[in-house]
Amino acid sequence: MLPVPNALSPRFQDVLIGTQTNLRPALELNDMALTFQQASQNATLEEIFFYACALFPAAYALTIEGGQGKRSPMVQPFRDPWNPNHPLESHEVIFGDGSSCFKERLPKLPIHPNIGTLVLKGAWNIIRQPSDFNTIVEALPNLREWHCLYAKPKTEAYKTLCTLIRSPPPTLHHLNICLDGLCGKPSSFPEKWRSAYDSHHLCAELGTLAPNLESISFTGRVCGSLFKTAVASALRMRDPPILKSVDLIVRNCCRGSSLWNDGTGIYNLDFIAAFTRL
């Protein structure tokens, strides 16, 4: 019989309690009659974490592929979050006038205490708001390394990532962000990206966080504010910074909103000036 992790809810324990014979038909190699499953039948994060806890309790790294297809759906955290079998929790909500009320929050994912490295590919289909990432982090209490790869040029993803960098998991020591598809060389409608810099500038957010990490790797659009804010943040720290490694792949440089030219190359004077400032 398969072991039942303690972190699993009772409804999942009922699924696991069974002989290996019951699982054998799904593992037969000679059964190649596979059919394409619709996007609505994709696995949820709850199911992914459930099987990771049950079958790979000693795993250290977890990779989740969100997909890069056109109009691909988001990976839902739960199949039916308001199912009566889910153990719901209540928390107090305090309003600005001092009044409060209790609301039920969504159930939590099965906890995997050994996962230390999280790789999110096609992250837009996994994280579309900060609460999506917080749901994942709560199930990984010992997360030390986070790899995040975006493949879609969406300003909403850029803003969400900036918000996440402002309050990272306290156990995080290594960060790798790849915005090759989001902030690559070809940039359509660059003005919509520059309009977000006033409230969401990833270079400044990464610079503030950098002294608190051991290593940081970034691919995408970079400017000199990354180093300016990193130095300022390090000077404000009581303890010495623990940063040991910085790896940058510069696809482009942040420009001012007054500059129309957003291209790259050795013949682009605006890009050369921005790269020199970096």
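This is a predicted model: local features need pLDDT of at least 70, side-chain atom pairs count only at pLDDT 80 or more; totals for chains, interfaces and linings use all residues.
Two strands are said to pair if DSSP finds at least two bridges between them.

**The whole chain**

Of its 278 residues, 38% count as buried. The accessible surface comes to about 16400 Å², and carbon and sulfur atoms account for 56% of that area. Among contacts between residues at least 6 apart in sequence, 73% join residues at least 24 apart.

Strand 6 (residues 174-178) and strand 7 (residues 215-222) run parallel and are joined by five bridges. Within this pair, Ile-177 stands opposite Phe-218 in strand 7.

Is strand 6 largely enclosed by the rest of the structure, or largely open? Four of its five residues are buried, so strand 6 is largely enclosed.

**The salt bridges**

Show the charged side chains next. Side chains of opposite charge can pair when their charged atoms come close. In this model the count comes to three salt bridges.

1. Select Arg-144 and Glu-214, which form a salt bridge whose closest N and O atoms are 3.7 Å apart. Arg-144 lies in the loop between helix 4 (130-138) and strand 5, and Glu-214 in the loop between helix 7 and strand 7, so the pair ties together parts that are 70 residues apart in sequence. Arg-144 counts as partly exposed, at 33% relative accessibility.

2. Select Glu-205 and Arg-166, whose side chains meet in a salt bridge at 3.0 Å, N to O. Glu-205 belongs to helix 7 and Arg-166 to helix 5 (residues 155-166); the two are 39 residues apart, and the pair links distant parts of the chain. Glu-205 is buried, with a relative accessible area of 16%, whereas Arg-166 counts as partly exposed at 42%.

3. Select Asp-180 and Arg-251, a salt bridge in which the closest N and O atoms are 3.1 Å apart. Asp-180 is in the loop between strand 6 and helix 6 (190-194), and Arg-251 is in strand 8, 71 residues away. Asp-180 is partly exposed, with a relative accessible area of 35%; Arg-251 is also partly exposed, at 27%.

**A nonpolar patch**

Finally, switch to a surface view. Which residues make a nonpolar surface patch of about 330 Å²? Tyr-51, Leu-55 and Phe-56 make it. Phe-56 is found in the loop between helix 3 (45-55) and strand 1 (61-65). Since exposed means over 50% relative accessible area, Phe-56 qualifies with 53%.

Note on methods: Residues are numbered from 1 along each chain as its sequence is written. Side-chain values use heavy atoms; hydrogens and water are left out. Patches are made of residues with over 30% relative accessible area and no salt bridge: like charges are joined within 9 Å, nonpolar side chains (Val, Leu, Ile, Met, Phe, Trp, Tyr) within 5 Å. Accessible areas come from the Shrake-Rupley method with a 1.4 Å probe; for residues, only the protein chains shown count as cover. A salt bridge is a side-chain nitrogen of Lys or Arg within 4 Å of a carboxyl oxygen of Asp or Glu. Buried means under 20% relative accessible area, exposed over 50%, partly exposed in between (1.4 Å probe, protein chains only). Contact means heavy atoms within 4.5 Å.
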